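Hello,

My notes follow below it.

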Amino acid sequence: MVLGLYLFADIAADGAPRLDAAAGEELVRVQRASALALGSRAPEPPGTLFLTTRRVIWVGEGGMGYAVDFIAVSLHAVSRDPEAYPSPCIYTQIETEAGSDEEFDESDSEVNGEIELSKVNEMRIIPSDPGQLDRLFEAFSHCAELNPDPNAAGDEENGWVHGDEGDEDMTDGSDAEFSDVNPIGQTDDHNITHVVVELQIDDQRFQDAEEADEESHRNGH
């Protein structure tokens, strides 16, 4: 497993990234005209985003770009709060080698004005069309489910958030303003259906008991 961001330049003649077909990597979504912001830096000029079954790959106009393995993306969310970030975007938190050893300041990710990718722990993907955010989020979630964290215990890690939340609060999973918070690989529509069915059964039992009570009262009079 590769933790953190890394430079990516393995581009085919048609401008698409060369995938690891031997490992079963497949392309899931292409989002053109998408800017990329690393940490607190200004966004890179718009390029093309490629989501694969294994990686997030962004390629700039010059053919150079960045990539991160989905297994290193610890959180992704839709952010539409202008107080958190000026543009609607997909906000992500990235697990890094540096972060696994010790806490570090975000300013440590730059040395002499040059970004140190191994220490970048936040990334924002900013599509030129904000109307694509929901579909982009769905594709992100699908790919993330394909890459569960093998070290995750229960449902405490690798979650996502979908709503109009701000970036600053996303590290606190207990915030009540979040909606649709789910650990990667733990979404289960069957469980939701099961709960609804149980509620319907209990409601029917309550109605039957109420009708029996009314019948008893009528017979008693």
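**Salt bridges**

A search of the whole structure finds four salt bridges, each a side-chain nitrogen of Lys or Arg within 4 Å of a carboxyl oxygen of Asp or Glu. This is a predicted model: local features need pLDDT of at least 70, side-chain atom pairs count only at pLDDT 80 or more, and totals for chains, interfaces and linings use all residues. Residues are numbered from 1 along each chain as its sequence is written, and side-chain values use heavy atoms, with hydrogens and water left out.

Below, buried means under 20% relative accessible area, exposed over 50%, and partly exposed in between (1.4 Å probe, protein chains only). Asp10 is partly exposed at 36%. Arg18 is partly exposed at 43%.

Asp20 and Arg54 also meet in a salt bridge, at 3.1 Å from N to O. Asp20 sits in the loop between strands E1 and E2, Arg54 in the loop between E3 and E4, 34 residues apart. Helices (H or I, at least four residues) and strands (E, at least two) are DSSP runs, numbered from the N terminus.

Asp134 and Arg80 form another, at 2.9 Å from N to O. Asp134 is in helix H2 and Arg80 in the loop between E6 and E7, so this pair ties together parts 54 residues apart in sequence.

**Aromatic pairs**

The search finds two aromatic pairs. Rings of Phe, Tyr and Trp (its six-membered ring) pair if their centres lie within 6.5 Å; planes under 30 degrees apart count as stacked, over 60 as edge-to-face and the rest as tilted. Trp58 and Tyr66 are stacked, 6.3 Å centre to centre with 15° between the planes. Both are buried. Phe70 and Phe140 have ring centres 5.4 Å apart and planes at 75°, so they are edge-to-face. Phe70 is buried at 1% relative accessibility. Phe140 is buried at 0%.

**Core and strands**

The largest nonpolar core has 27 residues; Leu5, Leu51, Val56, Met123 and Ile125 touch the most other members. H2 gives the largest share, seven residues. A nonpolar core is a set of buried Ala, Val, Leu, Ile, Met, Phe, Trp, Tyr and Cys residues joined through side-chain atoms within 4.5 Å.

Strand E6 (residues 73–79) has six of its seven residues buried. E6 pairs with E7 (residues 89–94) in the antiparallel sense over six bridges; strands pair if DSSP finds at least two bridges between them. The bridge partner of Ser79 is Cys89 in E7.

Best wishes
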